[in-house]
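Visitor: I have a model open and want to learn how to read it. Where do we begin?

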Amino acid sequence: MVQLQVPHVNVLTKVDLLSTRDRDNLDRWLDPSELVLEGMVNRTANSRHAKLSNALCKLLDDYSLVHFVPLNIADEDSIGDLCLQIELMLQINEDAEPRGMREQDLDTESGFGDET
């Protein structure tokens with residue numbers, strides 16, 4: 001995604017189904033650091049590929065390629081955060097000019113329009 005510059009958002013759904021204990025532990029997985037990724041890889045991966053796995057973990061951490069946005073369908077703030085993240089990713093309204101009133105509306109409000 002770094003070379004292609006394709007905007008993407010990783011959404012972690014079904015957060016509302018987690019227990020409160022699991023929700024407390026969720027923060028370390030939403031934006032995992034290199035240490036968390038390396039610990040997980042070292043526990044599960046073959047030791048023969050440890051050097052490659054550690055290099056991939058460093059790459060993911062350096063470019064912040066792994067980031068999840070939690071979605072709790074019962075929480076309006078969660079939905080708003082997701083919409084904001086999508087708007088930031090797509091850069092919606094970044095170059096938009098402020099819209100003014102049309103000339104016709106200005107004329108009728110100021111009293112200088114055609115009075116026929």
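Visitor: Which residues is Ile79 in contact with, leaving aside its neighbours within four places in sequence?

Guide: Contact means heavy atoms within 4.5 Å. By that rule, Ile79 is in contact with Leu71, Asn72 and Ile73, once neighbours within four places in sequence are left aside. Ile79 itself sits in helix 5. Helices here are DSSP runs of H or I with at least four residues, strands are E runs of at least two, and both are numbered from the N terminus. One caution: this is a predicted model, where local features need pLDDT of at least 70 and side-chain atom pairs count only at pLDDT 80 or more, while totals for chains, interfaces and linings use all residues. Residues are numbered from 1 along each chain as its sequence is written, and side-chain values use heavy atoms, with hydrogens and water left out.

Visitor: Is Ile79 buried, exposed or partly exposed?

Guide: Buried means under 20% relative accessible area, exposed means over 50%, and partly exposed is in between (1.4 Å probe, protein chains only). Ile79 has 31% relative accessibility, so it counts as partly exposed.

Visitor: What about Asn72, which touches Ile79? Where does Asn72 lie?

Guide: Asn72 is in the loop between strand 2 (68-70) and helix 5 (76-90). Its relative accessibility is 16%, so Asn72 counts as buried. Not counting residues up to four places away in sequence, Asn72 touches Val15, Asp16, Ser78 and Ile79.

Visitor: Ser78 is on that list. Is Ser78 buried or exposed?

Guide: Ser78 is buried, because its relative accessibility is 8%. Ser78 belongs to helix 5. With residues up to four places away in sequence left out, Ser78 touches Pro70, Leu71 and Asn72.

Visitor: How exposed is Asp81?

Guide: Asp81 is another residue found in helix 5. At 49% relative accessibility, Asp81 counts as partly exposed. Asp81 and Leu71 are 10 residues apart in sequence, and 8.6 Å separates them in space, C-alpha to C-alpha.

Visitor: Which backbone angle stands out at Lys14?

Guide: Look at phi. Lys14 has a positive phi of about 65°, although it is not a glycine. Lys14 lies in the loop between strand 1 and helix 1 (20-25). Lys14 is exposed, because its relative accessible area is 56%.

Visitor: How do I describe two packed helices?

Guide: Two packed helices are described by the angle between their axes and the distance between the axes. Axes are lines fitted to C-alpha atoms, for helices over the stretch in contact, with angles from 0 to 180 degrees between N-to-C directions. Here, the axes of helix 3 (residues 34-44) and helix 4 (residues 50-62) come within 9 Å and cross at roughly 155°. Helix 3 and helix 4 are therefore roughly antiparallel (over 145 degrees; under 35 is roughly parallel, 65 to 115 roughly perpendicular, the rest oblique).

Visitor: Which residues make the contact?

Guide: Helix 3 supplies Glu34, Leu37, Glu38, Val41 and Asn42. Helix 4 supplies Ser53, Asn54, Cys57, Lys58, Leu60 and Asp61.

Visitor: Which residues of helix 3 are buried?

Guide: Leu37, Glu38 and Val41 are buried in helix 3. Seen down the axis of helix 3, the buried residues fall within an arc of 95°, so they line one face. That arc is taken from the directions from the helix axis to the C-beta atoms. Helix 4 is included in what covers these buried residues. On the other side of helix 3, Leu35 and Arg43 are exposed.

Visitor: And the whole protein: how many helices and strands?

Guide: The protein has 6 helices and 2 strands. From the N terminus on, the order is β-α-α-α-α-β-α-α. Buried residues make up 13% of the 116 residues. Among contacts with a separation of 6 or more, 58% are between residues 24 or more positions apart.
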